Amino acid sequence: MLGWISSGGSNSELVENLAVHVPLSPQVAGAMKLVDRANYCRDKSLAYKDSPQIIGFGATISAPHMHALALQTLDLYLPPGGSVLDVGSGSGYLTACFAELLQSKNRGGSSESQGHVVGIEHIPELVGWSIANLELDGKKDYFQVPSAVTSDGQCTAKHALLSIIEGDGYQGYAPGGPYNVIHVGAAVENVPTPLVDQLKPGGCMVVPVGPQGRQEYLKITKGPDAALEQEIITSVRYVPLTSRRAQLSS
């Protein structure tokens, strides 16, 4: 299990320290530097500590090294104009990192589509808070659907770059799918079938799987023929992906 060893005195220093222990591509490191974790934590004094932080309503923001690991694992599977689903988006931090990563790929790619990142969260108070966090962090424009049109006047954009949806993460978000990459930010005992169905052929999902206290962080890839392969990345301890009622009563 990865240790909490990469803390910094600033957001940039945190990312640089993370890169020592979790080798990061320039695009992943660049995306993380554009998302100030202090804007997504309740206690700003702990924002650059490499540890999970409580954000209320039975939820946490994961340790930065786990976010770095997720981004780096999924990086290779996210093309320019690609699509991302972030299940249990909580504070909005990792959703913002995915949006910045996708923007970076779009600038260097040839896709006509900007792609989109969807965060899904079932606690309405966290949905509202995360949107406020994203706006505070300068991501307000990412919620706008661009008005790009083709030469014959047809609109080419169906989605904003970034959306936060209130809903059940177990069910994913089919209207935004299928997705090149899916990140699940809470533990499940079995991988939800709707998430597998919403993963594109050639896509990748990372998800903590197992009972509380004995979880494995899995990388699941879907082949062109929809066959699944899975790999254990590391052992982890995540809060469970539960119903809204169970989470609020925890």
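In this predicted model, helix H3 is mostly covered, with 11 of its 12 residues buried. The buried positions of H3 are Pro 64, His 65, Met 66, His 67, Ala 68, Leu 69, Ala 70, Leu 71, Thr 73, Leu 74 and Asp 75. From its first C-alpha to its last, H3 reaches 16 Å, which is close to the 16 Å expected at 1.5 Å a residue.

Leu 71 of H3 is among the residues with the most contacts inside the largest nonpolar core, a group of 51 residues in which Leu 24, Met 32, Tyr 93 and Tyr 217 are likewise listed for their contacts. At least two residues of this core come from each of helix H1 (11-21), helix H2 (26-33), S2, H3, H4, helix H5 (124-136), strand S5 (162-166) and strand S7 (199-209), and H4 gives the most, with eight residues. When neighbours within four places in sequence are left aside, Leu 71 is in contact with Val 28, Met 32, Leu 94, Cys 97, Phe 98 and Leu 101. Another core, of 19 residues, lies apart from the one described above and includes Val 87, Leu 195, Val 196 and Leu 218. In soluble globular proteins, nonpolar side chains tend to be buried together.

The largest pocket holds about 630 Å³ of space. It is lined by 41 residues, of which Thr 60, Ser 62, Gly 185, Tyr 238 and Val 239 are the closest to its centre. Helix H3 (64-75) is one of the elements that give two or more residues to this lining, together with strand S2 (59-61), strand S3 (83-87), helix H4 (93-108), strand S4 (116-121) and strand S9 (228-236). By residue type, the lining divides into 20 nonpolar, 18 polar and three charged residues.

Key: Residues numbered from 1 in each chain as written. Predicted model: local features only at pLDDT ≥ 70, side-chain atom pairs only at ≥ 80, totals over all residues. Heavy atoms only, no water. 1 Å grid on protein atoms, 1.4 Å probe; cavity = no way out; pocket = protein on both sides within 12 Å on 5 of 7 lines; lining within 4 Å. Points joined across faces, edges and corners; volume = space filled by probe spheres on them. Helix = DSSP H or I, 4+ residues; strand = E, 2+ residues; numbered from the N terminus. Nonpolar A, V, L, I, M, F, W, Y, C, P; charged D, E, K, R; others polar. Core = buried A, V, L, I, M, F, W, Y, C linked by side-chain atoms within 4.5 Å. Buried < 20%, exposed > 50% of the residue type's maximum accessible area, 1.4 Å probe, protein only. Contact = heavy atoms within 4.5 Å. Expected span 1.5 Å × (residues − 1).
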